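User: Got a two-chain file open here. Can we go through a few things in it?

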Amino acid sequence: VTRGTAVWRGVVAGLAGGAVFGAAMARLGALPTIAALVRVNSTAVGFVVQISVAAVVGAIFGLVMDRERAARGEMLFWGLAYGAFWWYLGALTLWPILLGEPVGWSAAAARSAFPSLLGLLWYGATTGLVLAALRGTDPLRPHLGPGALVCGGVAGLAVVWLLNAILGEPNRPLAISPAMTRQPAMVEAVALLGLGLAVGVGYTLLFPDLPSTTGPALVRGVGYGFLLWVGVGLTLVPLIESAQLPWSVTQVRDAFPTLPTYLLLGAATAALTTWLRRAGRLLFAAPAQRAAEEGLGARTLRAVGRGAAAGVVGGLIFTVVMVQIGFLGTVARLVGSTRPAVGIAVHLAISLFIGACYGLLFRRQTLDLASALGWGSAYGFLWWILGALTILPIWLGGQPQWTAQAAAAAFPSLIGHLAYGAGLGVTFHLLESRYDPWWIPHVAGYAVRAARRRTELASTAPAVWILVDLMAVTVTVLLGGA
Amino acid sequence: MADTGLPDGASAPAEETSLRRRPFAPSPEASVVSWWVCALAGALAGFAAELVFGGIQLWQGLMEVGLVGAGPTVPGLGVSLVLAVVGGAGIGVVVGYRPGGYAAAAAAGLVLGLLWWVVESLTVLPLLSGVPVTWSASAAQTTFGFAIGSLLYGGFTGLGAHLLVARYSTTRPVSDGRDRRAAPVRRVVVLGGGFAGVSTAQRLERRLSRRADVAVVLVSDSNFLLFTPMLAGVAAGVLEPRHISAPVRAACPHTEFHRAVVGGIDPGRRLVHLRPVDAGGPSALDYDHLVLALGAVPNFRGLPGVMEHAWSLKSLDDATRLRNHILGLMELADVEANPVRRRGQLTFVVAGGGLAGCELVAELCDLVQDVRRFYPGVDPGDLRFVLVHPQDRILPELGSRLAEYARQRLGDKGIELLLATTVAEASRERVVLGDGRVLPTQTLVWTAGIRPNPMLSSAGLDLASNGAVVCEPTLQVRGHQDVWAVGDCAAIPDSQDQGRTYPPTAQHALREGRAAADNIVASLRGRPVRPFRFRTIAILVGLGHQQAVAQVRGRMFAGRLAWLLWRSVYLAKLPGLEKKVRVSLDWILDLFFPRDVVLTQPSAAATSRPRELAWNEGDE
């Protein structure tokens with residue numbers, strides 16, 4: 001592919017993204033403010049200006065993504081991350097400078113620009129998907145059979161049903177729409193099943209690859225859940241119900257309790273789909289089809305041991321945060337004590353267990369420090385949602401802390417979890433690179449395989465972590481508090 | 001350390017093919033840019049990014065934004081620039097370089113920028129200015145401007161570093177995608193696939209995993225590592241043969257494996273001559289370092305008839321054939337009309353009351369007692385188990401109290417112990433003892449002594465009186481810097497006990513292998529080598545059904561506790577999770593089902609001979 005082709009593909013994708021972004025801005029009535037760039041107050045001029053910018057930004061995307069081997073799903077994530085990046089660079093920095101206004105580098109300015117963040121996420125998603133379609137399918141990627149789609153559908157159904165059954169009223173997946181809760185039970189059930197089916201099949205269509213371990217799928221699922229929240233919860237459902245886009249900070253804050261629902265929905269669907277598909281592969285795939293795979297049990301004990309050791313290291317880093325914010329007492333209450341020493345013991349035991357799970361989930365998925373930090377921090381974020389905001393309060397006899405205010409109050413814990421994840425990921429990577437550096441082929445037969453996996457990982461995984469990390473910090477800081 | 005060594009097989013005998021050093025396939029995307037180039041590029045990019053984004057902060061007056069209450073000290077642009085250069089170098093190193101990976105570089109930079117914000121704005125600056133560190137959402141909101149600045153700084157530093165390296169690499173071909181590691185220049189050859197050899201290869205593999213210039217080659221006539229401590233279990237039909245053996249190719253995935261018999265060693269020309277096991281011509285391997293881990297073979301001491309008629313227990317084949325032989329005898333005895341001959345068929349003699357002999361005689365006794373009910377023609381009174389031992393107490397490796405306990409337990413099982421007695425002669429139907437007594441038996445199992453692999457005698461190395469290779473305490477063979485010997489074939493001076501050598505046990509072999517590997521790595525790197533030191537941790541002897549004796553660092557255990565210890569230690573030492581699970585299952589199923597009496601050899605004639613080949617043919 002020549003550089004020119006890459007640019008033109010990017011331009012076309014950017015135009016498509018710009019059309020979506022423009023439509024959203026038109027709905028929000030923001031197009032005239034865009035036209036302010038050329039000192040005109042006109043909707044049409046605003047649209048032309050934004051779509052031209054969109055084409056240029058899309059061209060850059062095409063260039064940057066030129067040599068990354070990313071398929072549909074990963075390209076979608078790259079697009080989302082790219083859109084979020086342009087919110088910071090474009091909406092909060094370049095745009096005010098061009099207009100001669102102060103840059104929007106404050107929480108207040110960022111809050112008032114929040115609708116454009118959602119718009120840019122839509123822009124990025126559309127651009128990414130269109131670019132992926134223009135590039136065509138990678139011949140090396142596996143063909144997606146009907147069995148995989150069935151697995152996805154079953155997983156989605158099971159997860160939606162389970163979440164609906166165990167979550168409280170304000171947190172259910174359908175609570176995204178107040179209208180839905182007023183429907184008869186039959187309609188609600190159908191909507192629920194439809195949602196589950198769509199989520200599961202959609203995930204499988206986006207990510208036809210079957211990763212060798214579940215960890216990457218889990219993190220992908222978190223990103224996918226965020227996408228669903230933005231796409232379905234904040235956009236499609238309100239559009240259908242009231243033809244409105246409730247994208248202002250206060251409106252999004254009200255919808256915040258369903259964000260953890262969707263994140264867990266995405267993560268659990270991804271994990272369950274992967275497990276079902278792996279189980280299917282285990283049972284039915286002919287040896288020739290999985291010649292390159294080790295058995296599930298091979299090297300398991302070592303991965304668990306390394307993960308546990310890395311978990312303790314991460315836990316020690318987290319302990320610093322815990323001591324500083326005085327959180328050890330809460331942890332000690334998990335076992336009915338209030339003594340900080342008990343808190344440290346419980347905390348380290350949990351760190352060890354979660355680290356051992358990391359070892360199982362993410363073995364042979366890191367190839368350098370960057371990927372170690374990326375996977376680790378994303379894994380830490382997942383445990384903030386699942387552990388600190390959900391399991392811990394329920395264990396202590398309360399409700400999931402899923403409001404924007406509660407999430408903001410737990411922000412120190414988020415920092416702790418991110419630090420834990422980073423320490424865990426880096427330590428695990430160092431251990432793995434010392435004893436089992438899978439990316440260095442020592443036998444000719446492994447070389448091609450290792451190189452391919454390395455390239456795939458390096459060019460697809462960063463999109464997911466960056467999306468998760470950006471979302472974790474931006475959304476929590478901007479929606480919580482104030 | 002000499003350089004690349006010899007042209008392959010330059011002066012080997014004409015009919016030998018020399019085994020080439022296998023080149024690595026090139027990995028097209030491998031990063032070949034060294035870390036300092038990335039650091040330099042990152043520092044430059046970080047400087048530029050900070051000029052832009054720090055400049056924006058300065059211009060817009062954002063530097064003065066403080067936390068609520070006491071304002072933290074905010075570094076000026078000068079300090080920021082210094083920090084940005086250092087941070088940029090860090091980002092450059094962490095992000096690294098992969099051709100074409102613009103997006104990944106920018107993304108990784110962005111994540112690092114975010115981390116930088118957490119460290120700098122939420123942690124270090126409040127600490128420096130005496131404001132309590134809370135990591136709270138309000139602190140995050142107050143410093144959100146810095147978050148955006150750090151994000152953009154990180155992202156552009158990552159991208160900039162990548163562009164700089166890409167630019168740099170077009171002017172100097174350091175990352176043209178070709179792999180410079182064409183072929184390993186050094187070769188370490190390990191001979192022998194037992195505990196010593198495999199542990200050497202595994203350790204070498206692990207220590208050299210990040211170096212592509214050294215190849216590790218392992219040569220063995222069997223392609224699996226046999227867990228010899230459990231062989232008696234196989235002979236007794238409790239364990240499946242394959243469950244106590246782990247394939248070398250799986251245990252050492254990065255090692256090049258050759259299934260061959262070692263025909264000879266030529267230390268002068270640094271060559272090893274190989275003979276294939278099944279078919280094909282001889283071949284030669286050149287080496288930079290050679291590890292001899294060829295093990296030992298039974299030592300029949302030249303006693304008449306013993307080599308031809310005694311069974312041994314050194315290989316998987318020995319164990320399965322012995323089991324078949326015993327079950328075959330049970331079949332014969334069941335229908336045998338002649339009572340004298342039947343008693344001979346039902347008499348089982350084990351020579352040697354050491355660890356292996358005691359374990360084996362107890363296991364054989366359990367096997368026969370357990371399957372006896374399938375053979376109604378076998379009179380329990382005809383069963384006879386005899387342990388012949390030349391000294392006046394069994395288990396000389398253990399303390400006398402444990403040995404006495406073991407003697408009693410074996411006696412309880414009905415095993416006759418003939419102490420201070422030797423085997424003088426053996427034939428197909430009887431064993432003659434040193435004192436002239438005759439035992440009518442068709443089963444003599446020989447565990448009374450081993451000797452190092454006879455192949456070593458032709459290698460021109462210094463040999464000890466028992467035929468083992470004389471080693472320095474560093475495991476180097478005396479007079480050779482690049483030849484190492486470990487395991488049963490090596491005479492390694494005991495560091496604690498002057499004048500003695502380390503005993504030929506599995507726990508020593510494992511440690512010797514690792515120590516040799518460490519020393520080889522040290523000498524490859526030009527570092528000093530270290531003498532080998534090890535003190536026996538434990539001696540565990542199973543005595544059949546739920547009985548064992550154990551001596552752990554001088555502490556003594558006996559009975560069920562020792563048996564549990566014996567099982568758990570051996571299970572833990574068994575290589576690989578899969579085999580552990582399989583052996584555990586074997587043991588559990590054994591509780592619920594009777595022992596199998598399936599004969600896996602077609603005819604009794606096939607099992608009636610202890611072995612197909614004579615040992616002096618050079619078999620390991």
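Analyst: One term to begin with: buried means under 20% relative accessible area. This is a predicted model.

User: Okay. Is B:Cys38 buried or exposed, then?

Analyst: Its relative accessible area is 5%, so B:Cys38 is buried. A:Cys151 also counts as buried, because its relative accessibility is 18%.

User: Where does B:Arg259 sit?

Analyst: B:Arg259 belongs to strand 6 of chain B, residues 256-266. With a relative accessible area of 40%, B:Arg259 is partly exposed.

User: What is B:Arg259 in contact with, leaving aside neighbours within four places in sequence?

Analyst: B:Ser220, B:Asp221, B:Ser222, B:Asn223, B:Val277 and B:Asp278. As for B:Phe224, 35 residues apart from B:Arg259 along the chain, the two C-alpha atoms are separated by 9.9 Å.

User: Last topic, the nonpolar patch on the surface. Which residues form it?

Analyst: B:Val581, B:Leu585, B:Ile588, B:Leu589, B:Leu591, B:Phe592 and B:Phe593, together giving about 740 Å² of accessible area.

User: Which helix is B:Val581 in, and how does its accessibility class come out?

Analyst: B:Val581 is in helix 16 of chain B, residues 577-592. Its relative accessibility is 40%, so B:Val581 counts as partly exposed.

Definitions and conventions
Residues numbered from 1 in each chain as written. Chains lettered and ligands numbered in written order. Predicted model: local features only at pLDDT ≥ 70, side-chain atom pairs only at ≥ 80, totals over all residues. Heavy atoms only, no water. Patch = residues over 30% accessible without salt bridge, like charges linked within 9 Å, V, L, I, M, F, W, Y side chains within 5 Å. Areas by Shrake-Rupley, 256 points an atom, 1.4 Å probe, with all protein chains shown as cover. Salt bridge = Lys/Arg side-chain N within 4 Å of Asp/Glu carboxyl O. Helix = DSSP H or I, 4+ residues; strand = E, 2+ residues; numbered from the N terminus. Buried < 20%, exposed > 50% of the residue type's maximum accessible area, 1.4 Å probe, protein only. Contact = heavy atoms within 4.5 Å.
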